[in-house]
Amino acid sequence: MEKVVSGIRPTGNLHLGNYFGAVKSFVKMQDEYDCKFFIADWHSLTTHPKPEDIRKSAKTILAEYLACGIDPEKAPIYIQSDVKEVLELYLYFNMNAYLGELERVTSFKEKVRKQPDNVNAGLLTYPSLMAADILMHKADKVPVGKDQEQNMEMARLFARRFNRIYEVEYFKEPESFHFNDKAVKIPGLDGSGKMGKSEGNCIYLCDDEKTLTKKVMKAVTDAGPTEPNSPKPDVIQNLFTLMEVASTPDTLDYFNEKWNTCEIRYGDLKKQLAADLCNLTRPIRERILDFQANDEYLNKVARMGAEAARETAAKTLAEVRQIIGFK
Ligand code: TRP
């Protein structure tokens, strides 16, 4: 069976955009591939050197992914810092990673702009750690967003380069699997476009119903249609797109009809949308709370995940040591 690996940056709670993007595709993939997922807590040190409570954030993410349907029996899920083997492979890749190519990575340049006072070596070598994450499990496919394509190219480059330098056919080049291509793009509530944490326009899976409803009721709208059957401006289309994922087809038809006849009342639409979003997220939120209350279970999942990851990682590292000549 083809192997899949993907890392999750622990940068905050899951929102609807994550849910309909990465998370849904992970949940689907766990039935079709030999999957491993991990929480990239070491990577997060590149931007947050002194995290508030890094273990707790990792476990929050873990609880959220489990609540969304990741089944640790099908797909081990581990915390990156529990599997030290990756560091050794990171070191070997770094020895054959060159300053020039690392400096040219767009996300590095972006970070340099964003945090000019903390341009650390970890940031520069982010792609080698990511390559180690992937190649230590010999992944065939890596589900990532489009923004990760350059890091994926680096992973393929490091795989090829390793093979060339040590004259082996050892690492296979991992393929990207872009879940964004197929997923519905979830818009934010501010009319600006995509839902995103940095945009501050998110509905989080852990939002309670009052918070969620308030956010929806405050969503940006316009003065309403003046002509029958007019095209919808982006701010309005965004609300309809959310309805497409949260509401029944009947509800969607009803409000489309109201729009087309210029009888739409945004207050009614928002109330309905809020109720439907509450229904969608309620069972997930309840499961998140259940998992979070069960620290013992979360520890067990992380431990099982780490054991599974260490098994393949240790094998790879033993072989890599042999290839380089340490043993
Ligand atoms: N860089 C990825 C992101 O920002 C997270 C990540 C780290 C990752 N290591 C990985 C993703 C390995 C896939 C495979 O989203």
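Which backbone oxygen lies 2.8 Å from a polar atom of the side chain of Lys 197? The backbone oxygen of Thr 11 lies at that distance from the Lys 197 side chain; a polar contact is a pair of N or O atoms within 3.5 Å, where within protein one must be able to donate a hydrogen and the other to accept it, and residues adjacent in sequence count only if both atoms are side-chain atoms.

The model is predicted, with local features needing pLDDT of at least 70 and side-chain atom pairs counting only at pLDDT 80 or more, while totals for chains, interfaces and linings use all residues. Residues are numbered from 1 along each chain as its sequence is written, and side-chain values use heavy atoms, with hydrogens and water left out.

Lys 197 is located in the loop between β5 and α10; helices (H or I, at least four residues) and strands (E, at least two) are DSSP runs, numbered from the N terminus. Its relative accessibility of 48% makes Lys 197 partly exposed, a class between buried (under 20% relative accessible area) and exposed (over 50%), with a 1.4 Å probe and protein chains only. Not counting residues up to four places away in sequence, Lys 197 touches Thr 11, Gly 12, His 15, Cys 202 and Tyr 204, where contact means heavy atoms within 4.5 Å. Between the C-alpha atoms of Lys 197 and His 43 the distance is 18 Å, and 154 residues separate the two in sequence.

Ser 44 belongs to helix α2. Ser 44 counts as buried, at 10% relative accessibility. Beyond its neighbours within four places in sequence, Ser 44 is in contact with Pro 10 and Ile 54.

**The ligand and its surroundings**

The ligand is surrounded by 13 residues, of which the closest are Gly 7, Arg 9, Tyr 126, Asp 133 and Gln 148; a residue is near a molecule if one of its heavy atoms lies within 4 Å of it.

| Residue | Ligand atom | Distance |
|---|---|---|
| Arg 9 | oxygen | 2.5 Å |
| Tyr 126 | nitrogen | 2.7 Å |
| Asp 133 | nitrogen | 2.8 Å |

Taken alone, the ligand exposes 370 Å², and the protein buries 93% of that area; accessible areas come from the Shrake-Rupley method with a 1.4 Å probe. Two or more residues of the shell come from each of β1 (3-8), α8 (126-135) and β4 (141-144). Helix α8 gives the most, with four residues.

**Helix α4**

In helix α4 (residues 85-95), the buried residues are Glu 85, Val 86, Leu 89, Tyr 90, Tyr 92 and Phe 93. These residues lie on the same side of α4, because they cover an arc of only 165° around the axis; the arc is that of the directions from the helix axis to the C-beta atoms. An α-helix has 3.6 residues a turn, so residues three or four places apart point the same way. The cover over the buried residues of α4 includes α2 (41-44), α7 (121-124), α8, α9 (149-166) and α14 (295-324).

**Two residues with positive phi**

Most residues other than glycine have a negative phi. Glu 167, however, has a positive phi near 55°. Glu 167 sits in the loop between α9 and β5 (175-178) and is exposed, with a relative accessible area of 73%. Asn 229 also has a positive phi, of about 55°, although it is not a glycine. Asn 229 is found in the loop between α10 (209-217) and α11 (234-246), and its relative accessibility of 57% counts as exposed.
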